[in-house]
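Here are my notes for your review. Please read them with the coordinates open.

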Amino acid sequence: MFNLPHQVDFALNKLIAAGYEAFIVGGCVRDILRQKAPSDYDITTSAEPEQTKAVFEGEKIIETGLKHGTVTLLKDGMPLEITTYRIDGAYADNRRPTSVQFTKSLTEDLARRDFTINAMAFSEKTGIVDPFGGEADLQNKIIRSVGDADRRFNEDALRIMRAIRFASVLGFKIEESTKKSIFKNKNLLKNISSERIAAELVKLLCGKNAKQIIVDYFEVLEVILPEIGKMKNFNQNNPHHIYPLLEHTAIAVENTPAEPPLRLAMLLHDCGKPDALTIDEQGVSHFYGHPEISAQKAKAALSRLKLDNATVNLAVELIKHHDADITPTEKSVKKALNKYTPEVFFKLLEVKMADNLAQNPKYNRIDEIKALKTMATEIINKNDCYSIKQLAVNGRDLINIGIPAGKELGKALDFLLNAVINEKVENKKENLLSYLKEKGGFNS
Ligand code: ATP
Ligand code: MG
């Protein structure tokens with residue numbers, strides 16, 4: 001089972017030959033036991049950083065975090081983080097330890113790790129080292145704090161997010177006392193940096209069990225995203241809906257491809273509904289204007305989490321337009337491709353599909369959404385004109401016939417694009433220019 005890459009064998013063997021202990025540790029051991037390929041290999045060793053450097057003399061070494069005991073060995077294209085066995089010192093502000101202390105005990109090093117499934121080590125020589133029952137928890141699909149959960153979440157509150165992230169990604173349950181402690185200590189997350197929270201949130205949302213975690217741990221998510229607070233216990237009370245708002249949202253998230261901007265958009269797409277609520281004479285709820293309100297809230301939330309601009313902008317745009325009406329006709333699809341760009345248009349269809357699948361199946365629009373996708377694909381494959389840059393004339397051509405550069409030029413190009421999409425004129429230079437002269441009154 002433990003067929004380690006030759007680079008890893010090389011590193012372990014070298015350290016062991018020099019008289020030190022050395023193991024692969026943490027996420028990679030967990031992943032191998034789950035028969036998943038690890039994303040990277042971390043090594044833990046009794047050697048101190050200077051000793052590790054001496055062992056790998058002549059090799060490519062990066063001093064990643066000497067103070068924390070980490071040296072990175074770059075071997076045949078593979079980076080290996082080699083960290084000295086350590087005990088974390090005092091913790092300040094529920095964040096990272098202010099100091100670390102090296103130790104000669106592997107068990108002590110494993111004891112500082114967050115969950116039992118992440119607190120195992122392995123070497124060919126010794127086999128699996130598992131002092132906290134990680135292998136059994138892995139088998140039983142359980143996330144359990146190493147040691148007292150309250151103490152561990154107080155040391156580093158990010159572990160609260162990590163717990164629910166692993167539960168989502170692995171599809172595991174969180175052990176009862178760990179779970180209780182998560183709810184008890186959830187507010188400590190306010191002390192954690194946005195970047196660390198955002199990284200865990202994104203992984204959580206892209207996890208296979210995201211729906212269940214969003215519903216079960218909603219109160220935790222609310223701490224980092226107060227914008228979603230009003231979604232709890234909010235009945236939609238409208239024939240298009242069969243689920244309360246939170247459940248609808250969670251189902252929609254899970255129906256969306258596991259890409260961060262899409263999943264973030266889905267989580268927040270309806271968060272403005274409670275603010276937009278009106279009730280008509282029949283007692284039916286409506287949420288006019290909610291996409292815009294949701295988009296504004298999402299913009300604030302995602303910027304606060306310091307997600308990158310591309311992710312924030314795409315998520316916000318998708319939220320803003322998630323209810324846009326696009327009729328499945330060539331003309332209206334071309335207009336939509338022009339308005340959104342093909343990239344955003346196809347993502348918008350994913351959002352619409354996920355949203356629709358989480359609504360009353362009586363009003364399902366799945367065929368319509370599929371038709372939009374087919375039409376757009378055909379338009380693009382045929383290279384049909386749907387944007388100004390595909391017009392057979394450019395700004396220069398129009399200036400040459402006397403249209404002043406600036407606002408008027410833009411208007412003329414828009415006018416021609418519309419005429420082409422509406423099949424009033426063929427997209428050929430001569431035709432366009434004479435059409436413009438005839439209709440536009442742009443004669444010089
Ligand atoms: P992933 O597959 O997402 O990389 P991972 O378990 O490898 O998961 P990392 O963040 O790469 O997670 O951390 C490597 C190891 O370091 C973990 O398996 C765990 O043993 C330990 N660890 C990471 N973060 C913490 C933390 N906040 N508190 C305690 N131990 C941690
Ligand atoms: Mg890792």
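This is a predicted model: local features need pLDDT of at least 70, side-chain atom pairs count only at pLDDT 80 or more; totals for chains, interfaces and linings use all residues.

1. The chain is divided into domain 1 (6-137), domain 2 (193-381) and domain 3 (388-439). Over C-alpha atoms, the centres of domain 2 and domain 3 are 37 Å apart. Contact between these two involves four residues of domain 2 and five residues of domain 3.

2. Largest pocket, volume and centre. How much space lies in the largest pocket? The value is about 1400 Å³. Its lining has 39 residues. Closest to the centre are D42, R112, R113, D114 and R162.

3. Largest pocket, where the lining comes from. Both domain 1 (6-137) and domain 2 (193-381) give at least three residues to this lining. Helices α2 (27-33), α7 (158-170) and α9 (194-205) each supply at least two residues. So do the strands β2 (42-45), β3 (60-65), β5 (78-84) and β6 (86-88). Helix α7 gives the most, with seven residues.

4. Largest pocket, residue classes. The lining of the largest pocket holds 20 charged residues. Another 10 are nonpolar and nine are polar.

5. Second pocket. The second largest pocket has a volume of about 580 Å³. Its lining has 25 residues. Nearest the centre are H240, D323, D355, Q359 and R365. Helices α15 (290-304), α18 (342-357) and α19 (366-381) each supply at least two residues of this lining. By class, the lining of the second largest pocket has eight nonpolar, nine polar and eight charged residues.

6. Salt bridges at E200. The structure holds 31 salt bridges. One of them pairs R162 with E200, at 3.7 Å from N to O. R162 sits in helix α7 and E200 in helix α9, so this pair links distant parts of the chain, 38 residues apart. E200 also forms a salt bridge with R165, with the closest N and O atoms 2.6 Å apart. Because R165 lies in helix α7 and E200 in helix α9, this pair ties together parts that are 35 residues apart in sequence.

7. Which of them are buried, and which partly exposed? E200 is buried, with a relative accessible area of 6%. R165 is buried too, at 11%. R162 counts as partly exposed, at 23% relative accessibility.

8. The network. Salt bridges that share partners join D114, R162, R165 and E200 into one network. Two of these residues, D114 and R162, are also among those closest to the centre of the largest pocket.

9. Helix α13. Is helix α13 (residues 260-268) enclosed or open? Eight of its nine residues are buried, so the helix is largely enclosed by the rest of the structure. The buried residues are P261, L262, R263, L264, A265, M266, L267 and L268. They pack against α9, α10 (210-216), α12 (245-254), α15, α16 (309-320) and α18. Among these neighbours, α15 and α18 also supply residues to the lining of the second largest pocket.

10. K141. This residue is not a glycine, yet its phi is positive, at about 60 degrees. K141 lies in the loop between α5 (134-139) and β10 (142-143). At 45% relative accessibility, K141 counts as partly exposed.

11. N383 and its surroundings. N383 also has a positive phi, near 60 degrees, in a residue other than glycine. Its place is the loop between α19 and α20 (395-400). N383 counts as exposed, at 57% relative accessibility. A salt bridge joins D384 and K382, with the closest N and O atoms 3.5 Å apart. K382 counts as partly exposed, at 47% relative accessibility.

How values were computed: Residues are numbered from 1 along each chain as its sequence is written. Chains are lettered from A and ligands numbered from 1 in the order in which they are written. Side-chain values use heavy atoms; hydrogens and water are left out. On a 1 Å grid over the protein atoms alone, a cavity is a set of points where a 1.4 Å probe fits but cannot get out, and a pocket is an open set with protein on both sides within 12 Å along at least five of seven lines; lining residues have an atom within 4 Å of a point. Grid points are joined across faces, edges and corners, and a volume is the space filled by probe spheres set on the points. Helices (H or I, at least four residues) and strands (E, at least two) are DSSP runs, numbered from the N terminus. Ala, Val, Leu, Ile, Met, Phe, Trp, Tyr, Cys and Pro count as nonpolar, Asp, Glu, Lys and Arg as charged, and the others, Gly among them, as polar. Domain bounds come from an automatic or database domain assignment. A salt bridge is a side-chain nitrogen of Lys or Arg within 4 Å of a carboxyl oxygen of Asp or Glu. Buried means under 20% relative accessible area, exposed over 50%, partly exposed in between (1.4 Å probe, protein chains only). Contact means heavy atoms within 4.5 Å.
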